[in-house]
Amino acid sequence: MNNSSKFYSVQEAKKKLESYCAYQDRCHKEVTDKLKEMRMIPEAIDQIVGELLADNFLNEERFAKSFARGKFNIKKWGRNRIVSELKLRQISKYNISIALKEIEEETYLNTLNDLAQKRFFQLTETNILKKKKKLADYLLYRGWESQLVYEKLKELF
């Protein structure tokens with residue numbers, strides 16, 4: 001049955017959102033978007049979000065930390081990309097700075113090194129300048145800081 005044609009009571013919606021949040025950490029924006037999708041009125045949305053916060057189903061700091069860890073460890077994103085994605089999800093600057101502390105500096109630099117070397121050897125480009133640009137674009141797109149990327153390029157070329 002399609003979500004948009006069904007109507008939910010506040011309790012039904014809360015139960016649905018509890019399992020939604022228990023499955024994976026969610027941010028406030030995802031939860032409110034889901035409730036709007038379920039056609040809940042603003043007063044009900046506020047009430048449900050408040051109860052989810054009180055019952056610790058919704059915790060923005062926990063979400064930001066697990067998001068930063070996951071995107072760094074699994075997708076090998078740099079800090080810039082993580083920060084912009086968290087901002088898209090309307091996470092506070094305070095929680096973003098706490099989330100970035102989840103990534104150890106040494107691990108961060110080692111990951112950049114491994115990623116750059118792996119990509120360097122994957123690129124078949126024979127023109128050195130084009131190869132350099134492709135590698136830089138790849139790392140910058142993944143959110144690695146430009147000064148780190150350019151230092152890495154000097155090292156590799």
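Modeller: Before we start, a definition: two rings of Phe, Tyr or Trp count as a pair if their centres lie within 6.5 Å. Please keep in mind that this is a predicted model.

Biologist: Thanks! How many aromatic pairs does the structure hold?

Modeller: A pair of aromatic rings is described by the distance of the centres and the angle of the planes. With the 6.5 Å limit on the distance between centres, the total for this structure is 7 aromatic pairs.

Biologist: Is Glu18 buried or exposed?

Modeller: Glu18 is found in helix H1, which spans residues 10-23. Leaving aside neighbours within four places in sequence, Glu18 is in contact with Leu52, Asp55 and Phe57. Buried means under 20% relative accessible area. Because the value for Glu18 is 11%, Glu18 is buried.

Biologist: What is the phi of Lys76 near?

Modeller: You will find Lys76 in the loop between helix H4 (60-73) and helix H5 (79-88). Lys76 is partly exposed, at a relative accessible area of 31%. Its phi is positive, although Lys76 is a residue other than glycine, and is near 60 degrees.

Biologist: Does Gln90 count as buried or exposed?

Modeller: Gln90 lies in the loop between H5 and helix H6 (93-100). Gln90 is not a glycine, yet has a positive phi of about 60 degrees. Exposed means over 50% relative accessible area. Since Gln90 reaches 56% relative accessibility, Gln90 counts as exposed.

Biologist: How many disulfides are there?

Modeller: A disulfide needs two cysteine sulfur atoms within 2.5 Å. By this rule the count is 0 disulfides. For Cys21, the nearest cysteine sulfur is that of Cys27, 9.5 Å away, so Cys21 is in no disulfide. The number you asked for is therefore 0.

Biologist: What is the relative accessible area of Cys27?

Modeller: Cys21 is buried, with a relative accessible area of 4%. Cys27 is buried too, and the relative accessible area of Cys27 is 0%.

How values were computed. Residues numbered from 1 in each chain as written. Predicted model: local features only at pLDDT ≥ 70, side-chain atom pairs only at ≥ 80, totals over all residues. Heavy atoms only, no water. Phe/Tyr/Trp six-rings, centres within 6.5 Å; stacked < 30°, edge-to-face > 60°. Helix = DSSP H or I, 4+ residues; strand = E, 2+ residues; numbered from the N terminus. Buried < 20%, exposed > 50% of the residue type's maximum accessible area, 1.4 Å probe, protein only. Contact = heavy atoms within 4.5 Å.
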